[in-house]
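Colleague: I have a few questions about this model. Can we take them one at a time?

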Amino acid sequence: MQSMAEHYLERGIAQGRQEGRQEGRQEGEKRGTIESILALLDMRFETDAVAALRPVLEAIDDLQVLREVLLEVPESENLEAFRRTLSR
């Protein structure tokens, strides 16, 4: 029979694994969204300045905000207009 300590230790380990998988999934979604933003910007504006936006995008921790930024790409008249959306 398993002791209470062992039971809670196993539960903690399982919970930690689950949280790790969730964080990994969110990090993957974040990276994918950033790559999509950069690819779309590069297609639309064909400028080396697009690559300079990577650190700005990577500094955004909220995945929902990144998704909203992604939706701004087609609406932006030019790269400068897009940059202004990032500073809001």
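This is a predicted model: local features need pLDDT of at least 70, side-chain atom pairs count only at pLDDT 80 or more; totals for chains, interfaces and linings use all residues.

Colleague: By about how much of a helix are arginine 54 and glutamate 58 separated?

Modeller: Both residues are in helix H2. An α-helix has 3.6 residues a turn, so residues three or four places apart point the same way. Arginine 54 and glutamate 58 are four residues apart, so the separation is about one helical turn.

Colleague: Is leucine 57 buried or exposed?

Modeller: Leucine 57 is in helix H2, residues 54-58. Leaving out residues up to four places away in sequence, leucine 57 touches Ile34, Ile37, Leu38, Leu66, Val69 and Leu86. Its relative accessibility is 0%, so leucine 57 is buried.

Colleague: On how wide an arc do the buried residues of H3 fall?

Modeller: Helix H3 covers residues 63-72, and its buried residues are Leu63, Leu66 and Val69. They line one face of the helix, because seen down the axis they fall within an arc of 110°.

Colleague: Which residue has a side-chain oxygen reaching to the backbone nitrogen of glutamine 64?

Modeller: The contact sits at the start of H3. The oxygen comes to within 2.9 Å of that nitrogen, and it belongs to aspartate 62.

Colleague: And which residue caps the N-terminal end of H4?

Modeller: H4 spans residues 79-86, with Leu79, Ala81, Phe82 and Thr85 buried. At the N-terminal end, a side-chain oxygen lies 3.1 Å from the backbone nitrogen of glutamate 80, and the capping residue is asparagine 78.

Colleague: What is phi of glutamate 46 near?

Modeller: Glutamate 46 lies in the loop between helix H1 and H2. Glutamate 46 is exposed, because its relative accessible area is 68%. Most residues other than glycine have a negative phi. Glutamate 46 has a positive value, near 40°.

Colleague: How many salt bridges does the structure hold?

Modeller: One of them joins arginine 31 and glutamate 27 at 4.0 Å, N to O. Those two are four residues apart in helix H1, so about one helical turn separates them. The structure's count of salt bridges is six.

Note on methods: Residues are numbered from 1 along each chain as its sequence is written. Side-chain values use heavy atoms; hydrogens and water are left out. Buried means under 20% relative accessible area, exposed over 50%, partly exposed in between (1.4 Å probe, protein chains only). Contact means heavy atoms within 4.5 Å. A polar contact is a pair of N or O atoms within 3.5 Å; within protein, one must be able to donate a hydrogen and the other to accept it, and residues adjacent in sequence count only if both atoms are side-chain atoms. The arc is that of the directions from the helix axis to the C-beta atoms. A salt bridge is a side-chain nitrogen of Lys or Arg within 4 Å of a carboxyl oxygen of Asp or Glu.
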